[in-house]
Amino acid sequence: ANTAAERLLGSPEGGLKGKRLTDFVAKDLSNVTPGSGIAIDQITQLHASPALIRMMAVNTEDQADRGETALLLQDVTHERERERERGQFLYHITHELRTPLTNIRAYAETLSEGVLKDPDTLRECYNVIVGETQRLSRLVEDILSLAQMEAGAARLKMDDVNTARLVRQVIEDMQAQADEKGLELLLTMPPKVPTIRGDKDRLVVVLTNIVGNAIKYTPSGGRVEVSCGQEASRLQIKVSDTGLGIAADERDKVFDKFYRSSDEHVAVLPGTGLGLALSLEIVRTHGGSITVSSELGKGSTFTV
Ligand code: ADP
């Protein structure tokens with residue numbers, strides 16, 4: 001047994017000698033038949049930890065003659081977790097795609113039957129189709145961006161980013177949205193804001209998502225404040241709102257893919273539940289972090 005096997009099974013050096021495999025794993029391999037080729041290939045759990053181990057007993061004729069079996073062990077815990085996550089992700093995507101598709105189809109079919117004559121009803125049908133198509137586009141865009149980010153940091157286009165200009169630009173672009181909702185949108189910036197190395201387009205996505213959320217989840221009459229500055233050697237951007245707030249038990253979950261609050265005020269607003277997952281992935285790839293503090297009914301502060 002090599003040291004990797006010892007480490008994998010949590011045994012001290014030389015500690016595997018004379019031990020039975022069943023001392024470490026649940027599966028009994030005593031039924032490995034002598035012969036040639038791979039006799040057995042199983043995944044099993046360790047007694048001592050939640051790690052999943054793939055065991056392959058390779059039994060060549062030579063070894064069989066000598067009464068020996070070579071056993072290959074591989075830690076597949078991460079692989080399995082990834083597979084589970086992928087499965088869940090796929091389940092969510094299909095689920096999210098189904099609703100708009102069903103609506104588009106139902107309304108398009110009704111229109112194609114040509115029985116509707118009332119112009120208001122007709123307009124409503126077209127509006128639903130356009131609205132659902134936009135929802136699909138947003139969803140596909142978000143999924144694609146997230147998949148690209150998760151594919152690796154190699155895709156970041158690093159450049160010197162004039163942070164002050166970038167933040168100002170995003171706020172300017174979102175002013176109309178805030179006005180439309182009757183919200184005050186404020187920006188506080190010290191005279192000197194550090195320049196950073198980063199992917200400008202992706203950083204715009206982060207800010208647009210977080211400021212967009214603050215606007216979306218704040219009822220009219222409220223206020224959204226963005227401030228940026230230097231904290232130790234890092235750039236810090238804070239987005240505070242006087243909106244719905246996030247319950248304590250939901251604060252960690254808001255960064256999960258597809259997570260949306262079960263609050264009835266949130267459910268009626270459009271969203272994919274991917275914005276914060278994507279933002280966190282982008283910020284992490286830049287070596288940063290996002291934190292949230294919030295009080296239900298009072299507002300939230302996201303700090304990048
Ligand atoms: P989306 O906004 O598309 O639902 P996000 O990933 O951007 O998805 O946000 C996930 C969830 O986090 C939202 O559905 C909402 O419940 C909560 N959330 C995010 N930002 C805020 C905010 N500023 N105020 C209150 N809730 C928020």
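Which hand does the crossing of helix 5 and helix 6 have, right or left? The first legend gives the answer, and each legend describes a close-up of a predicted model.

**Figure 1. Helix 5 packs against helix 6.** The crossing of these two helices is right-handed. Helix 5 covers residues 163–181 and helix 6 covers residues 200–216; their axes lie 10 Å apart, at an angle of about 30°. Angles under 35 degrees count as roughly parallel, and helix 5 and helix 6 are therefore roughly parallel to each other. On the side of helix 5, the contact is made by Leu 166, Val 167, Val 170, Ile 171, Met 174, Gln 177, Ala 178 and Lys 181. Helix 6 contributes Lys 200, Leu 203, Val 204, Leu 207, Thr 208, Val 211, Gly 212, Ile 215 and Lys 216. Sorted by class, the contact residues of helix 5 and helix 6 are 11 nonpolar, three polar and three charged.

**Figure 2. Helix 3 packs against helix 4.** The two axes come within 9 Å and cross at roughly 160°. That angle makes helix 3 roughly antiparallel to helix 4. The crossing of helix 3 and helix 4 is left-handed. Residues of helix 3 in the contact include Phe 89, Ile 93, Glu 96, Leu 97, Pro 100 and Ile 104. Among those of helix 4 are Leu 122, Tyr 126, Ile 129, Arg 135, Leu 136 and Leu 139. By class, this contact has 18 nonpolar, three polar and three charged residues.

**Figure 3. A cavity is lined in part by helix 3 and helix 4.** A search of the whole structure finds one cavity of 30 Å³ or more. The largest cavity has a volume of about 40 Å³. Its lining consists of Glu 96, Pro 100, Arg 135, Leu 139, Gly 271 and Thr 272. Helix 3 (77–113) and helix 4 (119–150) are the elements that give two or more residues to this lining. The lining residues divide into two nonpolar, two polar and two charged. Glu 96 and Pro 100 of helix 3, and Arg 135 and Leu 139 of helix 4, also take part in the helix contact of the previous figure.

**Figure 4. Helix 4 meets helix 8.** The axes of helix 4 and helix 8 come within 10 Å, crossing at roughly 25°. That makes helix 4 roughly parallel to helix 8. The crossing of helix 4 and helix 8 is left-handed. In helix 4, the residues involved are Asp 142, Ser 145, Leu 146, Met 149 and Glu 150. They meet Gly 275, Ala 277, Leu 278, Glu 281, Ile 282 and Thr 285 in helix 8. Five residues of this contact are nonpolar, three are polar and three are charged.

**Figure 5. The largest pocket has residues from helix 6 in its lining.** The volume of the largest pocket is about 1000 Å³. It is lined by 44 residues, and the closest to its centre are Asn 209, Asn 213, Lys 216, Tyr 217 and Gly 275. Lys 216 also belongs to the contact of helix 6 with helix 5, and Gly 275 to the contact of helix 8 with helix 4. Elements that give two or more residues to the lining are helix 4, helix 5, helix 6, strand 8 (234–241), helix 8 (275–285) and strand 10 (299–303). Helix 6 supplies the largest share, nine residues. By class, the pocket lining has 20 nonpolar, 14 polar and 10 charged residues.

Conventions: Residues are numbered from 1 along each chain as its sequence is written. This is a predicted model: local features need pLDDT of at least 70, side-chain atom pairs count only at pLDDT 80 or more; totals for chains, interfaces and linings use all residues. Side-chain values use heavy atoms; hydrogens and water are left out. Axes are lines fitted to C-alpha atoms, for helices over the stretch in contact, and angles run from 0 to 180 degrees between N-to-C directions. Helices (H or I, at least four residues) and strands (E, at least two) are DSSP runs, numbered from the N terminus. Angles under 35 degrees count as roughly parallel, over 145 as roughly antiparallel, 65 to 115 as roughly perpendicular and the rest as oblique. A crossing is left-handed if the near helix is turned anticlockwise from the far one by less than a right angle, and right-handed if clockwise. Contact means heavy atoms within 4.5 Å. Ala, Val, Leu, Ile, Met, Phe, Trp, Tyr, Cys and Pro count as nonpolar, Asp, Glu, Lys and Arg as charged, and the others, Gly among them, as polar. On a 1 Å grid over the protein atoms alone, a cavity is a set of points where a 1.4 Å probe fits but cannot get out, and a pocket is an open set with protein on both sides within 12 Å along at least five of seven lines; lining residues have an atom within 4 Å of a point. Grid points are joined across faces, edges and corners, and a volume is the space filled by probe spheres set on the points.
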